[in-house]
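Here is a short report for a first look at the structure. Keep the sequence and the 3D view at hand while reading.

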Amino acid sequence: MDHLLGIPPAAIVGQLIVGLINGSFYALLSLGLAIIFGLLHIVNFAHGAQYMLGAFIAWAMLEYLGLGYWWALLIVPLVTAAIGMLIERTMLRRLHGLDPVYALLLTFGLALLLEGAFRLKFGASGQPYASPLSGGITLPFAFLPAYRIWVIVASVAVCVATWWFVERTRFGAYLRAAHENPALVRTFGIRVPLLLTLTYGLGVGLAGLGGVMAAPIYQVSPLMGSNLIVVVFAVVVIGGMGSIVGAIVAGFGLGVIEGLTRLLVPDAAGVVVFVVMLLTLALRPQGLFGRGDL
Amino acid sequence: MSESPLLQVTGLAAWYGETQALSRIDLEVRRGEVVCLLGRNGAGKTTTLRAIMGLLQRCRGRIEIGGQPALGLPPEVVARLGVAYCPEERGIFASLTVEENLLLPPVLAAGGLSVAELYELFPNLEARRSSGGTKLSGGEQQMLAIARILRTGAKLLLLDEPTEGLAPVIVQAIGRTIVRLRERGFTILMVEQNFRFASRIADRFYIIEEGSVIEHLDRQALEHDHARVESVLGV
Amino acid sequence: MHTPSHTPRRLPAWAIALGVAAALAAPFVAYPVFLMKFLCWALLAASLNLLVGYVGLLSFGHAMFFGSAAYVAAHSLQVWGWDPALALLAGAGAAALIGLVGGALAIRRQGIAFSMITLAIAQLVSFVALRAPFTGGEDGIQNVPRGRFAGLLPLGDDLVLYYLVLAIVGAGFWIVYRTVQSPFGHVLTAIRDNEPRAISLGYRVNRYKLAAYVLSSALAGLAGSLKALVFQIATLTDVSWTTSGEALLMVIVGGLQTLAGPLVGALVVVTMQNQFASFAEVVLLLQGLVFVVVVLVFRRGVVGEWEAWRARRAAGAAATKINPPEGQA
């Protein structure tokens, strides 16, 4: 076919790819948020800033150490995870028995801190980061850049791996059980406080990974986190807070919806996610895959 | 000359926040015994078990497990002293299968039962191993709750109301299970409202009222004084 | 946050008199515009504190009320040439309307879900503010005339405007105070402390929550309208995330569940903004730092910690009174 709804197929495929790319990052980040919320019951407002941190560490590795993308892909998530564990151990743990609002406010403060510090050093503009993959696949009506395909494939792989880790491994069973009844899990001899630290680290590591993968596509800028985080929260709510499957499905799904909206009703693209969120809350308050109330 | 008790509690007092839940608990459990805590609702029986397990924030007194001081230790450390806890609400995890529930507690010491042995002891658990934990009947969930703590190698089992809400046939099965566990060398401290059940299984009894131990009897004394004890418990 | 509520301590009469005197004399000591900025933000903080501290509803994006009211007030002053009194009412009314619609949606859920809904609605409002023709987009609405309040008071004079703002903000605080003290307010704190119990006692909990939400949004709207009048401008910053965050910061620094907290919090935040006016990034960094330190160490906020200290002293004094001094019968 030549044109669909008056739109050239190249444009459709183009927006679909963009949608899947955005969706990849929505999924990766909401995955981290879902894991953190699922076990620690904290809304990690610093998630966007930690994603930004990941991107900057990747940039710094290239700029100062000459270590490229593939090194960053390996090292950055470990570094951000370590930073996350430090944050949990020194700060979040103190707020443990209190109303979750305090932890939320703490992470909010950390987000401001990180963004302020980076803006001070780098200004609001972005640093370029070279794409590690050049070339692509030429289809009859579209060109698919290789790096973008890599991002989509890698994100899906990470999402599936994380899902498998939580749903099918012993450690994941610890996480799921500790979510339900942390005190009882402790009586089995499982060090739940350590579990909490590791889980927060895992979530932050995922954010950092997202940052590395984002660096070649979006510029590495101090604002990249705050631009993204509000949309990611909406995605998490739509998917169901604390649900891994929900985060993945909602993430990719909303990326595609956003892309198609941009094609058909360009002005609405900025808010379609929030409209969907309000609809979801009205019709199915616990989210697509959420269980019970929060 | 008898060896030192596996569990010794002296002058235990405990609070939930500002409210005092235990005033003075003194009890001991020797190796291989089945000891039962009796008492009315709200007397402090469950609180006593929770305090031993390290689940209470505010405690005073002495708790010794195998001679080791244990007051104030966090639950995961108490578990490593060889104690396991089966709560009143059973605590079966809904988001885990039966088998995942069973395998969840890590093996902390030698002497626990293997999975094969557990399935032999509780055959209906094997049949339902892939079901969601909470899809089981009450009796099956109770079996699962007891079974899973037997893997860990814990020698002292704290069972909170193991027969609550269960049909008489299941109650008998649990009674037989506890007897077999005692034969295998486990030591059990349990809380029971079902007076008849307890009086046939346990070796010794402590009656708790308003946070303190008011009476201590062995099985013979209990049989002798059956009626009076029943009236004390309000049965 | 879910600590058992306590009734606010009555300030002694001399403290109130001193406060009033200071407020009246202030414009002769400090810049009136700075003071008015402080007052507007204090009212915003008070409106949020009512919701977060006394009702236990964490509203994100409170800036949507502040900012949309600023736009409405600015527009009615500039384009329709309305009397400032009407413009203020229009702004507060618009905010209350958004509060009513948004609140009705959000209140159906509790806890974090409620907060997320308010966040989504705030994003929608931001989006509208960016796109709607009447808001002037990136430039905002500028050169808003001050006019004459009720046709009488010439607001072009900063001093006159200051006393008007003082009176209105004072009225706003008084409304918050009376609300908290009233039976309605007591039901609200009962709902915050133990909602299931309040429901079982027969209270239409959602109606109370919605009423509080609308009241809070109206007061925040009033603050925004005043701000548009004082600074004669309404911009995207007024509906932005940063303004919402600063409102939360003021409430936390001052102390939840305290009446004076918003004043202290506003003073701290506005002073910070002024000192580092040309260094937005430093402000961000400082605010983040203050958030972190306050949440970790001074959870009750300045006023809360002070009240706790006074309570401890009072308890200490009472204890010593039990033993009569020696030499007395």
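## Ground rules

This is a predicted model, where local features need pLDDT of at least 70, side-chain atom pairs count only at pLDDT 80 or more, and totals for chains, interfaces and linings use all residues. Residues are numbered from 1 along each chain as its sequence is written, while chains are lettered from A and ligands numbered from 1 in the order in which they are written.

## Where the chains touch

Chain C meets chain A through 31 residues of chain C and 33 residues of chain A. Contact here requires C-beta atoms, placed from the backbone, within 7 Å. On the side of chain C, the elements giving two or more residues are α5, α10 (241–254) and α12 (280–297). Helices are DSSP runs of H or I with at least four residues, strands are runs of E with at least two, and both are numbered from the N terminus. This side of chain C holds 21 nonpolar, 6 polar and 4 charged residues. Ala, Val, Leu, Ile, Met, Phe, Trp, Tyr, Cys and Pro count as nonpolar; Asp, Glu, Lys and Arg count as charged; the others, Gly among them, are polar.

Chain B also touches chain A. That contact takes 20 residues from chain B and 13 residues from chain A. Helix α2 (residues 75–80) of chain B gives the most to chain B's side, with 4 residues. The side of chain B divides into 14 nonpolar, 3 polar and 3 charged residues.

## The core

The largest nonpolar core has 281 residues. Such a core is a set of buried Ala, Val, Leu, Ile, Met, Phe, Trp, Tyr and Cys residues joined through C-beta atoms within 7 Å. Buried means 20 or more other C-beta atoms within 10 Å of a residue's own; exposed means 12 or fewer, and partly exposed lies in between. Among the residues with the most contacts inside the core are A:L31, B:V83 and C:A73. C:A73 touches residues including C:A87, C:L88 and C:L229.

## A helix pair in chain C

Helix α4 (residues 84–106) and helix α5 (residues 111–131) of chain C pass each other in a right-handed crossing, meaning that the near helix is turned clockwise from the far one by less than a right angle. Among the residues making the contact are C:I98 of α4(C) and C:F114 of α5(C). The contact has 7 nonpolar, 2 polar and no charged residues.

## An exposed residue

B:A227 lies in helix α10 (residues 226–233) of chain B. B:A227 is exposed because 9 other C-beta atoms lie within 10 Å.

Note on methods
Contact = placed C-beta atoms within 7 Å. Lists of a residue's contacts leave out its neighbours within four places in sequence.
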